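Please look through the structure below before reading on. The notes that follow go through it topic by topic, for a reader who is new to such models.

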Amino acid sequence: MSVVSSSNQSTSPSNNIPLKDVIILKKSTGNSNSVVSSERKDICDSTHCLEIIENESMDDDTASSCKVCVVKQAHTAALVFEAIPLSVKLVFIVFFAIVSMVVFGALLIAQSATVLKSAQYIDQVSRVSLIFSELVNEVQTERTLSIKYTVNWTTWDQVAIQFNKTDAAIQNYMKEASTWNSVVKNTEDEEGDGEGQTPNSQFLFEGNTGYSSLMDYYIKSLSAHRENIKNRQFPTTLPLMQWYIDWIKNIIDGLFFMSNESDDSKFKSVHMSYGHVMRLKEIVNVRRSLLIYFMLNNKIPVDTYNYFQYAISKFVVIYDQFDITADQPTRDLYAKLITENYELENLLAQFESSILTVVPAQGKLNFTDDDIYNNFTIKINNMRTVEYYLRNATDAISANLRGTSTGALIGYSISTVFVFVVSIVIALIFARAIIIPWKRLLRSQKDRTKELTTSYTQLNLLLERISAEEQKTRKILNSMDDALVTTNSQGQIVHCNDTFYKMFKFTEQDIYGLNLRIQQIIPNLELTELFKQFNSLDTIITPDKELKALTKVGTDFPVRVSLNFCRMYMNDLTSKDDTIILSTEKLVQQEQACIILIHSLSDRVNAVEKESPETIEFKQMFNNPLKKLDFKEYCRRFKTDENISFLEDVEIYKNTTSLQERAQKQTEIYNLYLKPEAKRLLNISKEQLAINNFRISKGLGEIELFDSLEKTVIENLVHDIYKRWKEHEKSEMHHFI
């Protein structure tokens, strides 16, 4: 081992560590040139010394001494670790397990506390929502009576009575103002970026004016607004209404603010639906007030008419929002009480139509303002029923959250303590019983891993050989001009070659899905007595027979049949949901079987199918990389490139030599192109798709597995988009010339 001088801090070629930091250990030789490193003596616990080599080389004896000392130190460290008492080791194990458990329990408890806090928030919001709803209802009624008073259709005493009701609703709001302020404060604390900053919420008003300040503004200015109503100081009804509309809008905005600030998605959806219903109810109130104003005033000002039309369009928009946020039971209730109340809806529509057409013409109406007020009030009350339903839903959500979180909080706390104690007891009792088998397992792990690796290699090699032989046999059978069929002793077909499918027009689904019997194909072929003879004699010779055979569609044709009886292992094939289930229960004993060779005596059936010139031309194009790329781009332009991609994947499948890799590729192709919910389902007929889906799903990496489907896909391409592509190419060439 050569060492480079450390004076220039060169590095060792083996590990790129500066040589001035390399510890060299050798036996003491009394060499005066040796320099002992006092900084590293504490590492060595033997009689060896620690030296930093300053020369450029080190002899072999020194290198051997260093290696021996390093090994001894590593062995000493292992012995020290093993010398630690088992109880101490267990204490560390239990300690880390308990810490992990406590952390997990703390997280669960914190989550329960968060859910409980959310339930408390929903309780507060539910109380405030009830007060807001009552306040909005009274303000809406006050607005309608005020309009009637301005056109001299009611007395001031009646309006004053409603003022008292509104004042009572305001007093209820003031009593619960602390609840609202608590909700707003909690939101500001959670969302504010710092002290004195406003929350980052969509519910922000002009400047720094908060929601509570805006409510105080309307409450304080209510007396002045009522005084103006009493003195009839409004030139038109729109300014009178607008003040109430803005106030009500401010109240409803508060509901949406509370909805958006909730962490519970279900409550947020229900409460937003609640707000949308209040908006819809407000628009109906506005329409009611305006219609009464038009009727009593006997004229329709332009600005008021425009606002009326705006309210109608706004109703449609808000209803769409309600339809999106509300759940199905809420929509059903709304439809039952309102939209599907056709008699009431038609009557209200008749009121609107009559007023908007008769009043401008100074005509006479056949209903009174009380009729309008009472019927619109029915619709409004129905909307309030929906509000009550949604408010009860929020209460139910709150109760469910509270019960769940409280129970979980108690359960988590108890379970954490219980598991903490039990884990210590179990660990101390069963530790030795766990550690001893574990050590034995570690000792045998290396040998077992080696055995498994050897077994896996042998199994994989055997599987490859079996697959190759199976594919060779299948190729031979499928290349025969005669149909070859294998039946069991009951006459049920258990295997057949491809010529059988072509000759009799059956599919694999027919064979395995319908439990097809040979008697259904060759009615006059009797096998029962022959099987009995074979069972008793164990050998039987039967002459060839010329019989009539039936295709799937019932067409008969003459055939010559050769029979051979034997015993073989057969799988029990059953069909369930288009999936073949193979049972190995019958592999333990051989069963009687009859191998039938069917030769068709009809030239029509024996006709050999040849590829069309178009198909040959398509395959030549497919083998040309440039033309294939051009054709694929053309298909992608029309979003029909799944078939050409399928052919490319099948080509990769056939070129794969490993059975396991082919089976994996088979699964990928099936999931991508053939599965009913596949992303790129092949563009072929449903019948062809079902036939090939059935056959391919029960295959296992056979090279010719996709041949039939490949042929079908090529035929579809040749007669459709490939023909269009050729015409396109000719057109492009003609244009170029």
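Asn-298 is partly exposed, with a relative accessible area of 36%, where buried means under 20% relative accessible area, exposed means over 50% and partly exposed lies in between, using a 1.4 Å probe and protein chains only. This is a predicted model, in which local features need pLDDT of at least 70 and side-chain atom pairs count only at pLDDT 80 or more, while totals for chains, interfaces and linings use all residues. Residues are numbered from 1 along each chain as its sequence is written, and side-chain values use heavy atoms, with hydrogens and water left out.

**Two loop residues with positive phi**

- Asn-298 lies in the loop between H8 and helix H9 (302-325), where helices (H or I, at least four residues) and strands (E, at least two) are DSSP runs numbered from the N terminus.
- Although Asn-298 is not a glycine, its phi is positive, at about 60°.
- Lys-639 sits in the loop between helix H17 (625-637) and helix H18 (642-654), and its phi, near 55°, is likewise a positive value in a residue other than glycine.
- Lys-639 is exposed, with a relative accessible area of 73%.

**Helix H8**

- Helix H8 covers residues 265-297, and at 1.5 Å a residue its 33 residues should span 48 Å, which agrees with the 48 Å between its end C-alpha atoms; the expected span is 1.5 Å times one less than the number of residues.
- Because 27 of the 33 residues of H8 are buried, this helix is largely enclosed by the rest of the structure.

**Nonpolar cores**

- The largest nonpolar core has 79 residues, of which Trp-247, Met-258, Tyr-334, Ile-355, Ile-372 and Met-383 touch the most other members; such a core is a set of buried Ala, Val, Leu, Ile, Met, Phe, Trp, Tyr and Cys residues joined through side-chain atoms within 4.5 Å.
- H8 gives the most to this core, with 17 residues.
- A second, separate core of 32 residues includes Tyr-501, Tyr-512, Ala-549 and Val-559.
- Leaving aside neighbours within four places in sequence, Met-383 is in contact with Val-277, Leu-280, Lys-281, Val-284, Phe-315, Tyr-334 and Ile-338, where contact means heavy atoms within 4.5 Å.

**Aromatic rings and charges**

- The structure holds 31 aromatic pairs, counted when the ring centres of Phe, Tyr and Trp (its six-membered ring) lie within 6.5 Å, with planes under 30 degrees apart called stacked, over 60 edge-to-face and the rest tilted.
- One of these pairs, Tyr-293 with Phe-294, is tilted, at 6.1 Å centre to centre and 55° between the planes; Tyr-293 is buried at 5% relative accessibility, and Phe-294 is buried at 0%.
- Phe-500 and Phe-506 form a stacked pair, at 6.2 Å centre to centre and 10° between the planes, and both residues are buried.
- Tyr-217, Tyr-218, Trp-243, Tyr-244 and Trp-247 form one aromatic cluster.
- Arg-287 lies over the face of Phe-315, at 5.6 Å from the ring centre, which meets the rule that NZ of Lys or CZ of Arg is within 6 Å of the ring centre and within 35 degrees of the ring normal.
- Lys-628 lies over the face of Phe-622, at 4.7 Å from the ring centre.

**Asn-564 in a strand**

- Asn-564 is found in strand E6 (residues 556-568) and counts as partly exposed, at 44% relative accessibility.
- Not counting residues up to four places away in sequence, Asn-564 touches Ala-593, Cys-594 and Ile-595.
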